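Let's take a walk through this fold, starting with its strands and then moving on to its helices. Have the sequence and the 3D view ready.

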Amino acid sequence: MIKKVNSLKGSYKIPIKLGVEMDYNPGYEDETRSFIESGKFDYVIGSIHFIGDWNFDSSKNISGYDKWNADELYEVYFNLVKKAAESKLFDIMGHLDLIKKFDYRPESDITDILKRTVDVIGKSEICVEVNTSGLDRPCKEIYPSKEILKLCYDKNIPITLGSDAHAPQEVGRQFDETVKLIKNIGYKKIARFAGRKRSFVEI
Ligand SMILES: [Fe+2]
């Protein structure tokens with residue numbers, strides 16, 4: 001796939017970028033780094049899809065949520081997000097609050113957890129991905145939530161915009177309303193990458 005994407009670079013009027021979304025697996029930082037360094041990626045997204053060996057992102061594994069206290073689950077999840085940011089392996093944190101995907105919500109106010117997570121992300125100099133795919137999921141919200149995006153804006157954390165498309169018709173889904181939301185928060189530009197170097201484009 002990497003060869004295929006690279007062979008298409010320069011063949012179209014639009015720029016073709018080679019990106020990768022990788023899981024952050026605690027304890028496998030060296031292996032992750034060597035994979036990233038083995039390819040000439042334009043950008044690298046780091047995401048959490050697993051807690052232990054539970055892929056909480058899959059509807060096949062939805063019964064796994066019943067084994068958790070929701071507050072504890074959110075705390076464990078955001079601890080992994082913080083570790084991923086601190087690893088400095090990635091350019092972008094993917095779908096920052098994916099744990100809400102199936103609309104399992106915390107029972108308590110988790111503002112402190114969110115603030116601590118955003119603090120770590122700010123210090124790690126990593127971008128946050130605004131991902132519109134959540135609008136098509138049971139949670140019916142973009143990732144991350146407006147509340148988290150406001151915290152990111154206050155910490156000057158740059159954002160990227162993506163639709164997590166797994167099919168051509170999903171590319172750019174619900175970008176118009178999402179750009180409005182981003183602008184309402186205060187953002188005037190979004191980040192983009194080439195050769196893992198960040199630049200900005202006005203919105
Ligand atoms: Fe993902």
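## Strands side by side

β1 runs parallel to strand β2 (residues 43-47), and five bridges join the two. Across that pairing, Asp 23 sits opposite Ser 47 in β2. Strands pair here if DSSP finds at least two bridges between them. Strands (E, at least two residues) and helices (H or I, at least four) are DSSP runs, numbered from the N terminus.

Zoom out and you get an open sheet of five strands, ordered β1-β2-β5-β6-β7, with parallel pairing. β1 (19-23) and β7 (159-162) are at the edges with a single partner strand each, so one side of each has no neighbour in the sheet.

## About the model

This is a predicted model: local features need pLDDT of at least 70, side-chain atom pairs count only at pLDDT 80 or more, and totals for chains, interfaces and linings use all residues. Residues are numbered from 1 along each chain as its sequence is written.

## Helices that meet

How do α3 and α4 lie relative to each other? The axes of helix α3 (residues 70-86) and α4 come within 8 Å and cross at roughly 10 degrees. (Axes are lines fitted to C-alpha atoms, for helices over the stretch in contact, and angles run from 0 to 180 degrees between N-to-C directions.) The two helices are therefore roughly parallel, a label for angles under 35 degrees, with over 145 roughly antiparallel, 65 to 115 roughly perpendicular and the rest oblique.

Helix α4 (residues 111-124) also comes within 10 Å of helix α5 (residues 146-154), axis to axis, crossing at roughly 40 degrees. That makes α4 oblique to α5.
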